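Here is a friendly note to read alongside the structure.

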Amino acid sequence: MSRATHRLILSVVVAPAAALALCALAPRAAHAQAKGRIYVSDVEFGGYGSEKEMAAALKRQSKTTIKEEGGVWPLNFMIFLNAAPGANTINIVYYDLSMKHDQVDFAEVGVKPDQKIVQLNGQGVSKEKGFVKGHKYEVRATRLIGGKEKVYAKATITLK
């Protein structure tokens with residue numbers, strides 16, 4: 001096999017495989033930095049080809065204050081669990097910090113038992129669900145295990 005043929009094989013087969021491997025590792029590295037956190041945005045999170053792209057999007061899109069749009073506060077989450085849930089569902093639970101940690105609402109979300117990053121777009125909360133403009137809320141990714149809430153990730157937001 002000539003050197004030119006060898007280089008061609010490397011560039012056609014090995015380089016793309018290496019690039020795919022790096023993309024697969026990117027979320028793992030991002031998870032290590034962010035585990036236990038929920039990033040919240042009023043704009044949907046997308047797909048990312050590298051850790052650098054994901055980190056830039058999280059930095060650019062993440063907000064701690066969400067503005068009401070037509071009676072609804074739009075919420076999109078990038079959730080970095082601090083451990084695999086070991087179940088097919090987790091709960092996204094909202095606690096009103098302005099009202100002594102009262103639980104306002106929750107939603108059950110399907111996941112894989114070994115999943116550690118959950119992208120959840122298109123969520124919304126409203127006055128009809130008991131949310132109040134100006135209040136601060138803690139958003140938690142949890143499971144009930146033995147009657148106790150296990151928290152995998154959390155964030156604090158204010159509704160404006």
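1. A residue counts as buried when its relative accessible area is under 20%, as exposed when that area is over 50%, and as partly exposed in between. Keep these cut-offs in mind, and remember that this is a predicted model.

2. Let's begin with pairing. Side chains of opposite charge can pair when their charged atoms come close. How many salt bridges does the structure hold? There are three salt bridges.

3. One of them links Asp42 and Lys63, whose closest N and O atoms are 3.1 Å apart. Asp42 sits in the loop between strand S1 (37–41) and helix H2 (51–61), while Lys63 sits in the loop between H2 and strand S2 (65–66), so this pair ties together parts that are 21 residues apart in sequence. Lys63 has a relative accessible area of 36%, so Lys63 is partly exposed.

4. Now turn to Arg140. Is Arg140 buried or exposed? Its relative accessible area is 14%, and the cut-off for buried is under 20%, so Arg140 is buried.

5. Which residues does Arg140 pair with? Arg140 forms a salt bridge with Glu138, with the closest N and O atoms 2.5 Å apart. The side chain of Arg140 also meets that of Glu149 in a salt bridge, at 2.6 Å from N to O. Because these salt bridges share partners, Glu138, Arg140 and Glu149 are joined into one network.

6. Glu138 is buried, at 10% relative accessibility, whereas Glu149 is partly exposed, at 29%.

Methods:
Residues numbered from 1 in each chain as written. Predicted model: local features only at pLDDT ≥ 70, side-chain atom pairs only at ≥ 80, totals over all residues. Heavy atoms only, no water. Salt bridge = Lys/Arg side-chain N within 4 Å of Asp/Glu carboxyl O. Helix = DSSP H or I, 4+ residues; strand = E, 2+ residues; numbered from the N terminus. Buried < 20%, exposed > 50% of the residue type's maximum accessible area, 1.4 Å probe, protein only.
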